[in-house]
Amino acid sequence: MAPWPIIGHEWALDLLAQANRGGRLRHAYLFTGPAQVGKTTLARVFAQALLCEQQTDAPCGACRACKRIGDGRYPDVQLIAAVKNVIQIDQVRVLQTDAALAPLEGKYKVFIIREIERATAPAANALLKTLEEPPPQVILLLTSTRRDQVLPTILSRCQIVPLRPLPLAQVAETLQTRWGVEEERATLLARLSGGRLGWAVDAHTDPTLWEERARTLDELLAQTVEGHVGRLAYAEKLSRHGDDVETTLGLWATWWRDVLLIQRGVGDAIINLDRRVQLAQQAGLYRPEQVEAALIDLTQTVHRLKANVNARLALDVLMLRLPKAMIS
Ligand SMILES: [Zn+2]
């Protein structure tokens with residue numbers, strides 16, 4: 001079998017190669033997993049495999065079809081993504097009109113729909129009709145970071161392909177060999193990525209992500225010495241961040257986790273390697289029970305936000321409970 005241009009996810013590749021080879025294709029696949037773990041990348045590569053002119057299991061990457069799918073210029077592969085965080089019914093109607101027509105060049109028409117959980121109820125219901133009675137040459141490749149928010153009727157009509165984070169060592173090695181990142185930085189990026197290769201590559205190539213992380217950590221540190229008024233003002237600011245709040249809270253969780261690991265004497269396993277000195281100082285300012293409580297509070301806040309409770313209220317509580325450093 002020719003190699004797939006994908007790092008990791010071997011189980012998923014085996015499944016897709018078998019389906020492609022054996023002609024036992026499903027009409028719809030749903031790739032699930034955390035943000036930037038590689039769901040859309042895999043969907044696009046699978047589209048290449050389906051339409052590759054070489055007709056092998058894995059895409060050749062060199063033929064006209066493979067190249068143009070890679071560039072987003074192949075007429076029989078369409079990408080549909082949320083506009084302003086929502087997939088609207090009009091986008092599904094366009095898809096349905098396209099899907100009813102025969103493919104222009106290849107054997108199939110492939111529609112990649114990113115973050116299907118962002119579809120409005122009418123859009124999801126309209127899509128369900130296509131999933132129930134798909135035109136014969138249509139393949140739908142959906143992705144979702146929130147499988148729990150996808151309609152069960154959609155789930156039941158898809159082959160679900162869950163993608164998991166890669167081992168951190170594999171991310172670090174890939175960054176070094178493919179992107180020429182030096183070892184220390186590759187290790188840091190791999191740990192921060194939590195095994196999401198797409199995130200690690202973006203953080204390497206996009207300095208704004210990196211600056212944002214630094215700013216968020218600095219803000220957390222500043223908040224630990226703030227009084228109640230300042231903390232509530234910060235909660236108000238956070239509540240206006242929308243989906244980014246979870247990213248911020250996730251980063252804070254890595255910070256407290258690192259502080260706790262240093263306190264427990266296992267500082268080698270910390271994530272924020274570039275902040276080792278600061279973390280060591282912090283470890284001396286709190287009791288481990290305070291840090292554990294902060295971690296539990298963060299987890300509970302993330303759950304509350306996912307359950308759509310009043311975001312402002314949940315963040316107020318979180319900020320007021322943020323531990324105060326014991327200034328000696
Ligand atoms: Zn090809």
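Domain bounds here come from an automatic or database domain assignment. In this predicted model, the chain is divided into domain 1 (10-162), domain 2 (166-205) and domain 3 (206-321). The centres of domain 2 and domain 3, taken over C-alpha atoms, are separated by 23 Å. Contact between these two domains involves seven residues of domain 2 and six residues of domain 3. On the domain 2 side, the elements giving two or more residues are α8 (183-193) and α9 (197-205). Helix α8 supplies the largest share, four residues.

The largest nonpolar core has 47 residues. Phe46, Ala47, Leu141 and Leu142 have the most contacts inside this core. Helix α2 (residues 39-51) gives the most to the core, with eight residues. Not counting residues up to four places away in sequence, Phe46 touches Leu16 and Leu141. In soluble globular proteins, nonpolar side chains tend to be buried together.

Gln91, Val92 and Leu95 are buried in α4. Seen down the axis of α4, the buried residues fall within an arc of 95°, so they line one face of the helix. These buried residues pack against β2 (77-80), β3 (109-113) and α5 (121-132). The face turned away from the buried side carries the exposed residues Asp90, Arg93 and Thr97.

How values were computed: Residues are numbered from 1 along each chain as its sequence is written. This is a predicted model: local features need pLDDT of at least 70, side-chain atom pairs count only at pLDDT 80 or more; totals for chains, interfaces and linings use all residues. A residue is buried if 20 or more other C-beta atoms lie within 10 Å of its own, exposed if 12 or fewer, and partly exposed in between; C-beta atoms are placed from the backbone. The arc is that of the directions from the helix axis to the C-beta atoms. A nonpolar core is a set of buried Ala, Val, Leu, Ile, Met, Phe, Trp, Tyr and Cys residues joined through C-beta atoms within 7 Å.
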